[in-house]
Amino acid sequence: MILFGYVARRTLAATLAALAGVVAIYLAVDFVDNSAGFGGSGWVPAVLELYANKAAVVVRLVAPAAMLLGASIAVSTFRKTREYTAMRAMGLGPWRLAIPVLVVTFGLGVALVVLHDVVGVRAAERAEEIGALRFGRGGDKRKFLAAREPKRWFRGADGHRIYNLRGHLPDGGFERVTVLEVDAAFTLVRRIDARRMRPDGGAWRLEDVEDRTFLEGGEMRLERAAQRIYRFEEPPEAFSVVPGRPSQMRWTTLIRQIGVRRRLGLPVVELQLERYNRLAYPFAGVPGALLALALALRRNRKGHVSSALVESVGVSIAFWGVQGVSWALGLSGQVAPVVAAWAPNVLFLAAGLLAVRRAA
């Protein structure tokens, strides 16, 4: 246990130092790249808030790379100080280093999952908001506001009804409503317009209704009513689609939106990928650290910290390349979202286990 704690503390210290350094470099480069756009009254507090939120986002982005860099540096120092040589002389193999390193990286992965949901999601949205509304150009502002405009068009689960809901009521209903009904050939057969639509038990109560039915031969029948009850298949929660990027949704919202959009027949692949990647990406540091550790322990290795930096960069680039290909396959529907999210981790874990075994 003494050796376990000693290795774990050194790994944690090296990982946190690597994380702080990478985040600082990232933010400094980003500031220099965008500093020309900063200006106006009160720009300094706005920039400080912008980069405080960006820091929370960048931590999650670079944490797996920092984990494997920290693991590689920690193990390299064991070789530099000949501590690993003494361990081998006592009959202790590489797993006496690997296990505490993996425990530390796994614990950091758990912390990343929790912190991202609690802090990171809101920080990403706030950073984008400040960048678009405070320092962005006209096009940036329009894109930001358009992406967050409440959804107004919905298609029913059976595909035969299309709803246009232009406003929300405090009690959960909608105002300025249009319901279109189409046949199998997507020909309009009915149009219902109402000033308001409210849930009424298992049905909907529409007020100030104009109900048009389009008959064969081009004729139309119009019926008006102050109030009328309709039984649509869609419950009130089916119209609660939240706008915005999946990466900027909290975990509970993300899961709920997948269910809502499935019932409405809307695409959910991107949300499912984010759901699985929300867990897979923070734990990418585990197989990455294992592979970096094996590289640090290989025979005839020259250099220590410098080699650790080069090896960590190489492993990180390889991982992100595999992840990019896997993500593209998931978005295109070639593989299941859960496979696309976890495949890089599994692949690099297998490579790391094999490499450590060979180093034993």
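**View 1. Arg224 and its salt-bridge partner Glu210 in a predicted model.** Arg224 is exposed, with a relative accessible area of 59%, where exposed means over 50% relative accessible area, buried means under 20%, and partly exposed lies in between (1.4 Å probe, protein chains only). The side chain of Arg224 meets that of Glu210 in a salt bridge at 3.3 Å, N to O, a salt bridge being a side-chain nitrogen of Lys or Arg within 4 Å of a carboxyl oxygen of Asp or Glu. Because Arg224 lies in strand β6 (residues 220–230) and Glu210 in strand β5, the pair ties together parts that are 14 residues apart in sequence; strands (E, at least two residues) are DSSP runs, numbered from the N terminus. Glu210, at a relative accessible area of 24%, is partly exposed. This is a predicted model, in which local features need pLDDT of at least 70 and side-chain atom pairs count only at pLDDT 80 or more, while totals for chains, interfaces and linings use all residues. Residues are numbered from 1 along each chain as its sequence is written, and side-chain values use heavy atoms, with hydrogens and water left out.

**View 2. The salt bridge between Arg190 and Asp211.** The side chains of these two residues, Arg190 and Asp211, come together at 2.6 Å, N to O. Arg190 belongs to strand β4 (residues 188–200) and Asp211 to strand β5 (residues 203–214), so this pair ties together parts that are 21 residues apart in sequence. Asp211 counts as buried at 2% relative accessibility, whereas Arg190, at 24%, counts as partly exposed. Both residues also belong to a network of salt bridges that links Arg161, Glu181, Arg190, Asp211, Arg221, Glu223 and Arg228, and the structure holds 23 salt bridges.

**View 3. The salt bridge between Asp193 and Arg191.** The closest N and O atoms of Asp193 and Arg191 are 2.8 Å apart. Asp193 counts as buried, at 13% relative accessibility, and Arg191 counts as partly exposed, at 33%.

**View 4. The open sheet and the pairing of β2 with β3.** Six strands form an open sheet in the order β1-β2-β3-β4-β5-β6, with antiparallel pairing, two strands being paired if DSSP finds at least two bridges between them. At the edges lie β1 (153–155) and β6, each of which pairs on one side only. From one strand to the next the twist averages 20°, with axes taken as lines fitted to C-alpha atoms and angles running from 0 to 180 degrees between N-to-C directions. Strands β2 (residues 161–168) and β3 (residues 174–182) run antiparallel and are joined by seven bridges, and Gly167 stands opposite Glu175 in β3.

Definitions and conventions
Helix = DSSP H or I, 4+ residues; strand = E, 2+ residues; numbered from the N terminus.
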